[in-house]
Amino acid sequence: MDDDLRIRDGLLAGREDALAEAYDTHAAAVYGIALHLTRDSGVAEDIVQDVFVDLWLRPERYDPGRSRLRGWLCMISRRRAIDWLRRRRTQELHRHALAESGVVLPYVEDEVMTSLAHKQVRKAVNELPFTHRQAIVLAYYHGLTYREVGVALGIPEGTAKYRLSSALRRIAEQVAAFT
């Protein structure tokens, strides 16, 4: 509980390292819950992002006196996954009803926008400095934690964490400039 309180206090103070520690420590569990329920890795990744963005924006919602941070984050992940499942079920019902009525849905636009977003992220990753790109590939494409990235690259944990956070910031800036 002491670590949870320290992380929450860091988040309340706006310290990015507190968010990085929370993410590095709990993201795998949050992702596992989301993936188990949705059975869709892309959706699970989106849920993880939503959960940690919400933690960053509203850290006061977490009360270390009531639960462990991991349990609280997993509960939020579970709720988001269930919400996604309900929305998908509703969308499928509407699509089915529309299909029976002969109305054509505009799927092409969604696919084009998704494709453009993926291309922009790939472009941003490819434009990173080599050392940052290595860290991102190991963390996000091979699922390593920042500690494992450090070991794999033969660098200190702090350097791995810096490279990952710096790379993510650069990617976000490039994608934001595109949209």
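1. A salt bridge here is a side-chain nitrogen of Lys or Arg within 4 Å of a carboxyl oxygen of Asp or Glu. By that rule the structure holds 11 salt bridges. The model is a predicted one, and the points below should be read with that in mind.

2. Overall fold. The protein chain has eight helices and zero strands. From the N terminus on, the order of elements is α-α-α-α-α-α-α-α. Of the 179 residues in the protein chain, 31% are buried.

3. Arg68 pairs with Asp4, and their closest N and O atoms are 3.8 Å apart. Arg68 sits in the loop between α3 and α4, while Asp4 belongs to helix α1 (residues 2-12), so the bridge ties together parts that are 64 residues apart in sequence. The two partners have their own surroundings. Asp4 is buried, at 4% relative accessibility. Arg68 is partly exposed, at 45%.

4. Two further bridges. Arg15 and Asp17 meet through their side chains at 3.1 Å, N to O. Arg15 has a relative accessible area of 36% and is partly exposed. Asp17 is partly exposed too, at 39%. Lys123 bridges to Glu127, with the closest N and O atoms 3.3 Å apart. Lys123 counts as partly exposed at 44% relative accessibility. For Glu127 the relative accessible area is 44%, again partly exposed.

5. A network. Salt bridges link Asp54, Arg58, Arg61 and Arg80.

6. Aromatic pairs. Ring pairs are described by the distance of the centres and the angle of the planes. With ring centres required to lie within 6.5 Å, the count comes to two aromatic pairs. In one, the rings of Tyr23 and Phe52 have centres 5.1 Å apart and planes at 70 degrees, so the pair is edge-to-face. Tyr23 lies in helix α2 (residues 16-38) and Phe52 in helix α3 (residues 41-57), so this contact ties together parts that are 29 residues apart in sequence. Phe52 is buried, with a relative accessible area of 5%. Tyr23 is partly exposed, at 28%.

7. The Tyr62 and Trp72 pair. The centres of these rings are 5.4 Å apart and the planes stand at 50 degrees, so the pair is tilted. Tyr62 lies in the loop between α3 and α4 (69-101), and Trp72 in helix α4, so the pair ties together parts that are 10 residues apart in sequence. Tyr62 is buried, at 1% relative accessibility. Trp72 is buried as well, with a relative accessible area of 11%.

8. Helix α7. Tyr146, Val149 and Gly150 are buried in this helix, which spans residues 146-153. Seen down the axis of α7, the buried residues fall within an arc of 100 degrees, so they line one face of the helix. Gly154 follows α7 and has a positive phi, near 70 degrees. Tyr146 also has a charged neighbour: Lys161 lies over the face of its ring, 4.6 Å from the ring centre.

9. Which residues form a nonpolar patch on the surface? They are Tyr140, Tyr141 and Leu168, with about 310 Å² of accessible area together. Leu168 lies in helix α8 (residues 157-178). Its relative accessibility is 37%, and Leu168 therefore counts as partly exposed.

How values were computed: Residues are numbered from 1 along each chain as its sequence is written. This is a predicted model: local features need pLDDT of at least 70, side-chain atom pairs count only at pLDDT 80 or more; totals for chains, interfaces and linings use all residues. Side-chain values use heavy atoms; hydrogens and water are left out. Rings of Phe, Tyr and Trp (its six-membered ring) pair if their centres lie within 6.5 Å; planes under 30 degrees apart count as stacked, over 60 as edge-to-face and the rest as tilted. Helices (H or I, at least four residues) and strands (E, at least two) are DSSP runs, numbered from the N terminus. Buried means under 20% relative accessible area, exposed over 50%, partly exposed in between (1.4 Å probe, protein chains only). A charge sits over a ring if NZ of Lys or CZ of Arg is within 6 Å of the ring centre and within 35 degrees of the ring normal. Patches are made of residues with over 30% relative accessible area and no salt bridge: like charges are joined within 9 Å, nonpolar side chains (Val, Leu, Ile, Met, Phe, Trp, Tyr) within 5 Å. Accessible areas come from the Shrake-Rupley method with a 1.4 Å probe; for residues, only the protein chains shown count as cover. The arc is that of the directions from the helix axis to the C-beta atoms.
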